[in-house]
Amino acid sequence: MGIRDIHWRVRAMMRWKVVTAMLLLALNRIKFDGTHNNEPWLIYKWKKEDIILGSQLIVGPGQEAIFVKNGQAQDVFLPGTYTLSSGNLPFLGKLIKFPFGSQTPFAAEIYFINKTENRNMTWGTSTPFIIEDPKYNIFLSLRAFGSYVISISDSRVFLNKLIGSLNLDSGFN
């Protein structure tokens with residue numbers, strides 16, 4: 001193998017590393033834009049569970065992101081942009097494996113929580129219910145409906161207590 005072959009192989013490897021790094025940056029962006037058919041939402045589960053150190057986590061205004069590992073909420077991220085590292089995810093320190101270098105893949109769930117007031121949440125009975133009037137002995141067919149406002153004050157409690165038992169594989173709820 002001559003010096004030209006070595007030079008060509010080194011250049012090819014460098015190009016491959018640059019292309020791979022660009023693809024990883026493009027693919028390792030974790031963000032939820034906060035809309036789904038203009039319907040109110042409370043929680044969104046990120047579709048992928050394989051996360052790579054160095055990924056960009058982008059938490060929008062009015063959102064919080066929660067990392068869940070082994071069924072436990074680990075860290076809560078406020079609005080902003082974060083480069084995921086063992087520095088801002090302390091639980092990762094134990095997961096980093098030397099063979100992967102700085103691109104250690106790890107499995108965790110990410111939930112985006114809507115912290116804004118969700119207005120016009122509606123409720124109502126699907127069918128009328130029958131009540132007997134005790135004074136006149138007549139039966140009344142009644143329906144009830146209305147709207148309410150909801151906001152989440154503690155994302156970690158909301159996730160652990162209320163959402164923990166629901167199946168969020170569809171992403172939206």
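**Reading a residue and a sheet**

Tutor: This is a predicted model. Asn118 has a relative accessibility of 6%, and it counts as buried because buried means under 20%.

Student: Where does Asn118 lie in the secondary structure?

Tutor: Asn118 belongs to strand β10, which covers residues 118-124.

Student: Which residues is Asn118 in contact with, leaving aside its neighbours within four places in sequence?

Tutor: Asn118 is in contact with Pro40, Trp41 and Leu42, and also with Tyr148, Val149 and Ile150.

Student: What share of the residues of the protein count as buried?

Tutor: The protein has 173 residues, and 28% of them count as buried. Its accessible surface is about 12100 Å², with 58% belonging to carbon and sulfur atoms.

Student: How many helices and strands does the protein have?

Tutor: Its secondary structure consists of two helices and 13 strands.

Student: How do strands of a sheet pair?

Tutor: In general, strands of a sheet pair through backbone hydrogen bonds, and the pairing is either parallel or antiparallel. Here, three strands make an open sheet with mixed pairing, in the order β1-β4-β7. Its edge strands, β1 (29-31) and β7 (80-83), each pair on one side only. From one strand to the next, the twist averages 15°.

Student: How do β4 and β7 run, and how many bridges join them?

Tutor: Strand β4, residues 56-59, and β7 run antiparallel and are joined by four bridges. Ile58, for instance, has Thr81 in β7 as its bridge partner.

Methods:
Residues numbered from 1 in each chain as written. Predicted model: local features only at pLDDT ≥ 70, side-chain atom pairs only at ≥ 80, totals over all residues. Heavy atoms only, no water. Pairing = 2+ DSSP bridges. Axes fitted to C-alpha atoms, helices over the stretch in contact; angles between N-to-C directions. Buried < 20%, exposed > 50% of the residue type's maximum accessible area, 1.4 Å probe, protein only. Areas by Shrake-Rupley, 256 points an atom, 1.4 Å probe, with all protein chains shown as cover. Contact = heavy atoms within 4.5 Å.
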